[in-house]
Structure formats: structure tokens, C-alpha cells
Amino acid sequence: MRLQEIAHSRTGDKGNTSNISVIAFDPKDYPLLVEQVTVERVAAHFAAIATGPVRRYELPNVGALNFVIEGALGGGVTRALTLDAHGKSLSSLMLDLEI
Amino acid sequence: MKTIRVGSGAGYSGDRIEPAVELAEKGGLHYLVFECLAERTIALAQQVKMKDPNAGYDPLLAARMRAVLPICVGNKVKIVTNMGAANPAAAAAATREIARKLGLKGLKVAAVTGDDVLAYLHDHDMALDNGKTIAAMGNSVISANAYIGAAPIVEALKGGADVVITGRAADPAIFLAPLIVEFGWTLDDWTLLGRGVLVGHLLECAGQVTGGYFADPGVKNVSDLARLGFPIGEVREDGQLVVTKVAGSGGTVTARTVKEQLLYEIHDPKAYLQPDVIADFSEVRVEEIGPNRVRVSGGKGAPKTGFLKTSVGYVDSYVGEGQISYAGPNAIARARLALEIVRERLTLTGVDITESRFDMIGVDSLHGEARTRNGDPYEVRIRVVGRTDSLAEARRIGDEVETLYTNGPAAGGGAWKSARQVVAVASALVPETAVRTAVTIMEA
């Protein structure tokens, strides 16, 4: 299934780094997120647009993971040539992940 | 336990004004806070100030103040904002004039200054995160502003200010300061300061916690977004927060909207670096306690670093861009041909480009072509964009897209072009002891 079926997501930007949350709709699915949505899977999924590295932070109290992906914003929000310089749409790319 | 109600009247410089009016009228607020600065806003404002010493503050300041000042005075709501941008003193003077014209005699307006640290960076030839020193960047540098903390805003409020206008204060700090004043929190109570930063973090993007930047039809539904209400934080003396909004306003406040905003623009949730504290969101709990009421608890904090992040705005480059659309049978093939023609034309005519992109909007412009599913779209728009060292050179890029009308593939429509200067931002860390803030209070 696609990640969108069990989780929601929001993207934030700082410089050339994007942070993308992955939040379980149902807290019971949080362990599945921890198991399936790994740093390796996410790095591979974003390989075409981000140089990395990728870091993952776990927030069990809110049933969420927070991914910090460096080199994801075309050189930085304030100078990138990309159509979506902030990377606002990257949460949708995350939710497209097959798990 | 004492509770303070803080409303968020703007999440960015160009944000809608009616929700702030709604909050001032019906929010039962003690404070209305407007967060209006993005990373490079001050650099752009500084360019405006260089042309006009009385300008350089938020372009919507006057409209916002005219809309909310009479209501706020009537309802005893104090205002805190970073709409001062590159010129808090001029913003405060303009606000005083507006108050006088509205008959709000005696209104006290404070300007918080001192975030401009360009002279310090020059004196110490500071190195920036882009690997260059200030000296090496020469006259491309426009501005350098440190993210200042809550202390001078606290001083202004304690001095009796009804309206406090800052420049580059940290976004959460403009929410934290009223809590410090109202609850008598000390500036070394890291737990309470961490919770106050959490309050500011959740409220500072306004509609992003009440259902904006959230809706996904059929998956995450939000009603009445056209009348999206902005948030109210009910903050207890111990820092516990309930996020809510004006009854009857559009949008929704749920555990889901709050969780998304909790992690927005956060890297390590244990260490959200702020001028006043290192906030720790890692053990935060989020609970729905009623319709459009979400309780947030468990914020923590650790001692501040003693350094202030500083944003340095500089003229980076120029960017030229052109777009044109194709539709119907074979649209993608014509779009590809158009891109090839422009690529070749830019080489033939010798346009000096240091970096470029050739995108097909609707196919590969956001996340690459690998993501496209279910065959070709009915229509596609090409986008050619390139970086140059001058505006004149940048214009040549859009020109080469526009000429596709008569020189390119069949049935290209809706050509559009632009050329602009790119003001970018780099950052540095400045010791807080090097930053001297000041508060000036003026009376209408």
C-alpha cells in the first residue's frame, strides 16, 4: 500500500534542507511507520531530487517520524531555480512511498 | 490558574486581514500577534529603505493597523508584531500617526531596534555558512539581522506599550514575550520558556494550525477554508496550551492539524534552537478535548546557547524564465521539441547562463519524470529558467521562449516571461553579548 493510506505529512524548509513529517492517522500504526519508513527507504525515494544525507527523528507520543533531508531544495529556498523552491510539495512525494 | 488568550493575526507578510479583525472582535484576546517575516523579507525591505529612509517596513502594516487598532483599543488587546522588518522605528512612527488619525490619543507604540548587526559582521569579518566571509562578499551584502529574543519586547510591554513593533525577532519570541510579562516567568526557567516557544511555534503560522496547508479532499477534509479562522492560544501559567479558534470561523483545529504544525520547520525535536532557550518538543502530547479544542502539553527546555542566528541578505544573481503551453494529441512531443529548440537557441546566441532547468509542468517539474503515471497528460507547459550575472542577460532567456510563438512547434499558447534579481540569504552565529537592543516608546 501507499504511505498515504495510513499517514499524513507536512513539509517545512530551512535553507537547502527540507523537513518532512510522517504522522500516523491511527497511533496503532506508528510501529509500522518506524519499521517501514526507514532512512534508507526515504533516501532512495528522494534520490532524484535530494543529495542527502537523510536523518530520522522519532516522536512516539504523537505517533510521528520527522525526516530531515539535506540538499533537497535546489541549493536553497532563496536562490533555487526549481518551480517549488520551498519544497512545499515534497510531503506528497513522501506519501507516494510504497510500504 | 491564570490563563492568557493570545491570537495569531498573520502567518506571513501578505496574509489575509479579516481573520485578525475577527480575532480582535470575537477572540476574547489579551494579545494579538502578527508574524510577518520570512528568511529574506528584511533584505528586500532593506533595499526599499535604501531608496526611502522612511520605508522598509511591512507593506500591509498600515492596512492591518487601521483594521485592528480601534477594535484592540476598545477590547484592551495589546499588539506585538515583527512588521517593523528593516525599519521598526519608521513602522512605529507610522502606527502612531494612524492612531492619531483614528482618534486613539494616548496609545503607546514601541519600536524594538538593535537586530541590525551588519557593522559587527564587518568589524569581525565573520564567516558565513556559504563558506565566504563578509569581506569576500563585498558590496553584494544588503543586510545582516540577528534573531533577537523576547527580552526587549518584555521591556517594551512592561514600559506600558500597547503596540510593540520589532524587526528580526525570532518568530516564537513575539509570542513568548507576553507570556513572560503576564506570568512573571524568569528568563532562566528553561522549562517554561521551552513551553512558551512551543506556544509561539504552533501559533506563528496562523492558519497552518487551523486547517490551512492541510486539506486533502476525501482524506483530510476541512470545511469553509474560504473563511479560514486564525488560531487562539489559551495559555496557562504553567505553560500548558489549548489551541482553538473563534466559534463559527472556517477551518478546523484537530490533533492532526496541531501535530502537522508541531513538526513544521523542525529538525531535531529535542533541540529547537531559539535565542531564549533550546526548546524540546520530543515529549509533547496532543489531545483533542472538545470541538476545535486541542490541548498541548509536555514541552521542555534547556539553557540557551548564547549565540544568535543571523541572516545575511545579499544579491546572489539574476534569474530569467519563460513558459509556454501545448495541448491535445502529441502535446508532450511538441513540448520536448520546444525545450530542445530553446536549449539550442540559448547556446547559439551565447546567453551566459551558470545554471538552468528545462521543465515540463504537469510531467516532471516538481519531482522528476519517474513519478508520472497513467500515460501522458492532455496538456503540458514548458518552463525554461536560468541563472545569470545580469538582468539584461536574464531577459534573453524568456525572450527565447516567447519566440516559440512564431518560430517553434505548432500551437504553442500562453507564453509568459520574467527576469528578476535574486536576493538570497546566508547565515552566521553572533554572540548575544554583541547585540545591543533598544526600546523606544512613542505616544499618539
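A residue counts as buried here if 20 or more other C-beta atoms lie within 10 Å of its own. With that in hand, welcome to this predicted model, in which helix α10 of chain B (residues 255-262) is mostly covered, with seven of its eight residues buried.

**Helix α10 of chain B**
- The buried residues of α10(B) include the charged-class names B:K259 and B:E260.
- Also buried in this helix are B:A255, B:T257, B:V258, B:Q261 and B:L262.

**Where chain A meets chain B**
- Chain A brings 29 residues to the contact, and chain B brings 41 residues.
- On the chain A side, two or more residues come from each of the strands β2 (11-14), β3 (17-24), β4 (54-59) and β5 (64-69).
- Sorted by class, that side of chain A holds 12 nonpolar, 11 polar and six charged residues.

**Nonpolar cores**
- The largest nonpolar core has 142 residues, and A:V22, B:L32, B:A110 and B:I153 touch the most other members.
- Helix α8 of chain B (residues 173-183) gives the most to this core, with eight residues.
- Leaving aside residues up to four places away in sequence, A:V22 touches A:L3, A:A7, A:S9, A:L33, A:V37, A:A64, A:L65, A:F67 and A:M94.
- Another core, of 20 residues, lies apart from the largest one, and B:A338, B:V363, B:V384 and B:V385 are among its members.

**Domains of chain B**
- Chain B is divided into domain 1 (3-311 + 428-443) and domain 2 (316-424).
- The C-alpha centres of these two domains of chain B lie 38 Å apart.

Definitions and conventions:
Residues numbered from 1 in each chain as written. Chains lettered and ligands numbered in written order. Predicted model: local features only at pLDDT ≥ 70, side-chain atom pairs only at ≥ 80, totals over all residues. Contact = placed C-beta atoms within 7 Å. Helix = DSSP H or I, 4+ residues; strand = E, 2+ residues; numbered from the N terminus. Buried ≥ 20, exposed ≤ 12 C-beta atoms within 10 Å, placed from the backbone. Core = buried A, V, L, I, M, F, W, Y, C linked by C-beta atoms within 7 Å. Domains from an automatic or database assignment.
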